[in-house]
Amino acid sequence: MEEIPKSHPRYQSLIIREKISNGMKKGLVHETGLIAHGRGEAFDYLLGKKTQFFADNAEKVAAAALLAAKGPVISVNGNVVALVSEECITLANSVPAKIEVNLFHRTNERMSILVEELKKHGAKNVYGKKADARIPGLDHDRGLCDKEGIFSADVILVPLEDGDRCETLKRMNKKVIAIDLNPLSRTAKTADVTIVDNVIRAIPGINRWVEKLRDTDEKALNDMIGSWDNDKMLGDVLSFVSKRLNSMY
Ligand code: PTJ
């Protein structure tokens, strides 16, 4: 890894870029994952590269939904494994939830590299390779999933999701929690709970709420989920970004 001086004003952002670029060299990240990352960076810039109040609120409700779930699953792809594999495993152990690799650009080789990477970081059981079920109505390999994983999950956390799959998972009556820095994406608009935050902050943020809410009774958790207004939150994001931009000059 190239030496990046800690004094560099964009130190954090450069470290994350190195992770993505090394992830691609190792075969974890698909080349289009670099483009997706660049788009994410641009939105993160507009958000002040911080977890804002609307993201913290969404992370709290996401934690409540994961704790109240009967069979929660964290779906991971190349970018997510390259950036936050350990954090996803910590969250999966703490809920507890299953982890499944689900890829847009699926090859057997990438699946194996990603599953091995997660196991190297301590994951005991990783779903996704079996692919013994299909998400109905979703053509393409993205529809492949495990019967005991995503297929039978009631709540699914999908960082960096594509809009199509998000819609199809909703049609299967699953509660979908998305992490997407773009508040205008179809995923952001379709999910039940959208966390407009960088995955590197969002996953530890959800985990902090899981620890705080662990002893909360089911009714209180369900009240939190039931009173969540995702459209209002997306409106808050847009108004935050426009106010922030207008106050700069
Ligand atoms: O590993 P694969 O084969 O499953 O492919 C993964 C990618 C990311 C290439 C694929 O899912 C894809 O093309 O994604 P999209 O449609 O470009 O969507 C990515 C979304 O994630 C965009 O809206 C980005 O703004 C957002 N995003 C990118 N980086 C981050 C992010 N959101 C949160 N945290 C990030 N670090």
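## A cis bond and its loop

P96 is placed in the loop between helix 4 and strand 2 (98-101). Helices (H or I, at least four residues) and strands (E, at least two) are DSSP runs, numbered from the N terminus. The peptide bond leading from V95 to P96 is cis, and its omega is near -5°. Most residues other than glycine have a negative phi, and most peptide bonds are trans.

The structure is a predicted model, in which local features need pLDDT of at least 70 and side-chain atom pairs count only at pLDDT 80 or more, while totals for chains, interfaces and linings use all residues. Residues are numbered from 1 along each chain as its sequence is written, and side-chain values use heavy atoms, with hydrogens and water left out.

## Positive phi angles

H140 has a phi near 85°, a positive value, and lies in the loop between strand 4 (133-134) and strand 5 (144-145). The relative accessible area of H140 is 39%, so this residue is partly exposed; buried means under 20% relative accessible area, exposed over 50%, and partly exposed in between (1.4 Å probe, protein chains only).

L160 is not a glycine either, and its phi is positive at about 50°. The loop between strand 6 (155-159) and helix 6 holds L160. L160 counts as partly exposed because its relative accessibility is 33%.

## The surroundings of the ligand

The ligand is surrounded by 19 residues, and F104, H105, R110, D180 and N198 are the closest. A residue is near a molecule or strand if one of its heavy atoms lies within 4 Å of it. The shell around the ligand consists of seven nonpolar, eight polar and four charged residues. In this division, Ala, Val, Leu, Ile, Met, Phe, Trp, Tyr, Cys and Pro count as nonpolar, Asp, Glu, Lys and Arg as charged, and the others, Gly among them, as polar.

A polar backbone atom of F104 is 2.8 Å from an oxygen atom of the ligand. For G78, a backbone N or O atom lies 2.9 Å from a ligand oxygen atom, and for H105 a backbone N or O atom is likewise 2.9 Å from an oxygen atom of the ligand. Of the 740 Å² that the ligand exposes when taken alone, the protein buries 91%; accessible areas come from the Shrake-Rupley method with a 1.4 Å probe, and for residues only the protein chains shown count as cover. Helix 2 (31-46) and helix 4 (78-94) are the elements that give two or more residues to the shell around the ligand. Helix 2 supplies the largest share of that shell, five residues.

## A nonpolar patch

Helix 2 is also the place of L34. Together with M24 and I35, L34 forms a nonpolar patch on the surface, with about 270 Å² of accessible area in total. Patches are made of residues with over 30% relative accessible area and no salt bridge: like charges are joined within 9 Å, and nonpolar side chains (Val, Leu, Ile, Met, Phe, Trp, Tyr) within 5 Å. Because its relative accessibility is 36%, L34 counts as partly exposed.

## Salt bridges

The whole structure contains 15 salt bridges, a salt bridge being a side-chain nitrogen of Lys or Arg within 4 Å of a carboxyl oxygen of Asp or Glu. One of them joins K26 and E117, whose closest N and O atoms are 3.3 Å apart. This pair links distant parts of the chain, 91 residues apart: K26 is in the loop between helix 1 (11-25) and helix 2, and E117 is in helix 5 (residues 108-120). K26 counts as partly exposed because its relative accessibility is 45%, whereas E117, at 9%, counts as buried.

R186 takes part in a salt bridge with D164 (3.0 Å, N to O). D164 in helix 6 (residues 163-171) and R186 in helix 7 (residues 186-190) are 22 residues apart, and the pair links distant parts of the chain. R186 and E167 also meet through their side chains in a salt bridge (3.1 Å, N to O); this pair, 19 residues apart, again links helix 7 with helix 6. R186 counts as partly exposed at 42% relative accessibility, as does E167 at 28%. A network of salt bridges links R142, D162, D164, E167 and R186.

Conventions: A polar contact is a pair of N or O atoms within 3.5 Å; within protein, one must be able to donate a hydrogen and the other to accept it, and residues adjacent in sequence count only if both atoms are side-chain atoms.
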